Amino acid sequence: PDILWAILNSLFTIGGMIGAFTSKFVMDIFGRKNGMIMHNLFSIIAAVLASVSPILRSPVALLISRFLFGLHSAMSCSIAAAYINEISPLNLRGQTGVYPQLFITLGILISQALGFRQLLGTPDLWHILIAGPIVPAVVGSLIIFFVVPESPAELLL
């Protein structure tokens with residue numbers, strides 16, 4: 001069980017490393033807007049796998065889930081930051097560049113708080129906590145698809 005726990009935790013980091021290296025290619029192929037929608041698919045698939053892993057009694061679903069969450073997390077750091085940098089006016093770029101990291105930190109705070117035993121950190125509810133990122137991934141993808149324009153730099157290509 002200890003080796004499985006170590007692999008489970010390291011898969012997030014391995015996925016993050018691959019996601020960081022491939023995010024440039026995702027932006028080049030899909031553009032900034034579609035790249036943000038596409039990388040949210042990793043989070044949606046990972047959340048579904050995490051939520052069904054106790055039902056399937058398969059650690060493989062959870063392992064794949066952690067890897068996909070790592071891919072999503074690293075890609076979101078670079079794709080969202082690039083998009084915000086491209087749409088921000090020059091005089092606001094420093095201020096708006098802080099928002100991705102601010103919301104990442106806020107998400108970590110919320111997930112840590114929800115992980116207390118009194119909330120979702122129990123043997124019966126942990127999979128709901130891990131699957132929680134499906135909500136911002138779906139809502140964010142819908143907002144990006146219907147409301148957010150493509151970045152000016154991408155439109156020029």
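Is methionine 75 buried or exposed? Methionine 75 is buried, because its relative accessibility is 3%. This is a predicted model.

## Confidence

The protein chain has a mean pLDDT of 89. Of its residues, 96% reach 70 or more.

Methionine 75 sits in helix H3. Its contacts, leaving aside neighbours within four places in sequence, are Gly19, Thr22, Ser23, Val26, His39, Phe42 and Ala80. Helix H1 covers residues 2–30, and helix H2 covers residues 32–56. The C-alpha atom of methionine 75 is 18 Å from that of glycine 132. Along the chain, those two residues are 57 residues apart.

Histidine 72 is also part of helix H3, which spans residues 59–87. Its relative accessible area is 14%. The cut-off for buried is under 20%, so histidine 72 counts as buried. Not counting residues up to four places away in sequence, histidine 72 touches His39, Asn40, Phe42 and Ser43.

## Salt bridges

How many salt bridges does the structure have? The count comes to 2. One joins aspartate 28 to lysine 24. Their closest N and O atoms are 2.5 Å apart. Both residues lie in helix H1. They are 4 residues apart, about one turn of the helix. Aspartate 28 is partly exposed, with a relative accessible area of 46%. Lysine 24 is partly exposed as well, at 48%.

Arginine 32 forms a salt bridge with glutamate 86. Here the closest N and O atoms are 2.9 Å apart. What does this pair tie together? Arginine 32 lies in helix H2 and glutamate 86 in helix H3, so the bridge links parts that are 54 residues apart in sequence. Both arginine 32 and glutamate 86 are buried. By contrast, aspartate 28 is partly exposed, and so is lysine 24.

## The end of helix H1

Phenylalanine 30 belongs to helix H1, whose residues run 2–30. At 39% relative accessibility, phenylalanine 30 counts as partly exposed. Which residues does phenylalanine 30 contact, leaving aside its neighbours within four places in sequence? The contacts are Gly35 and Met38.

## Nonpolar surface and aromatic pair

A nonpolar patch lies on the surface. Its members are Val98, Tyr99, Leu102, Phe103, Leu106, Leu109, Ile110, Leu114, Phe116 and Leu119. Together they have about 960 Å² of accessible area. One of them, leucine 109, is found in helix H5, residues 99–114. Why does leucine 109 count as exposed? Its relative accessibility is 57%, and the cut-off for exposed is over 50%.

The structure holds 1 aromatic pair. Phenylalanine 145 and phenylalanine 146 form it, in an edge-to-face arrangement. The rings are 4.9 Å apart, centre to centre. The angle between their planes is 90°. Both phenylalanine 145 and phenylalanine 146 are exposed.

## Loop arginines

Arginine 57 is found in the loop between H2 and H3. Its phi is positive, about 55°, although arginine 57 is not a glycine. At 76% relative accessibility, arginine 57 counts as exposed.

Where is arginine 117? Arginine 117 lies in the loop between H5 and helix H6, the latter at 126–131. Arginine 117 is exposed, with a relative accessible area of 68%. Its C-alpha atom is 24 Å from that of alanine 61. In sequence, arginine 117 and alanine 61 are 56 residues apart.

Notes:
Residues numbered from 1 in each chain as written. Predicted model: local features only at pLDDT ≥ 70, side-chain atom pairs only at ≥ 80, totals over all residues. Heavy atoms only, no water. Phe/Tyr/Trp six-rings, centres within 6.5 Å; stacked < 30°, edge-to-face > 60°. Buried < 20%, exposed > 50% of the residue type's maximum accessible area, 1.4 Å probe, protein only. Patch = residues over 30% accessible without salt bridge, like charges linked within 9 Å, V, L, I, M, F, W, Y side chains within 5 Å. Areas by Shrake-Rupley, 256 points an atom, 1.4 Å probe, with all protein chains shown as cover. Salt bridge = Lys/Arg side-chain N within 4 Å of Asp/Glu carboxyl O. Helix = DSSP H or I, 4+ residues; strand = E, 2+ residues; numbered from the N terminus. Contact = heavy atoms within 4.5 Å. pLDDT = per-residue confidence, 0-100.
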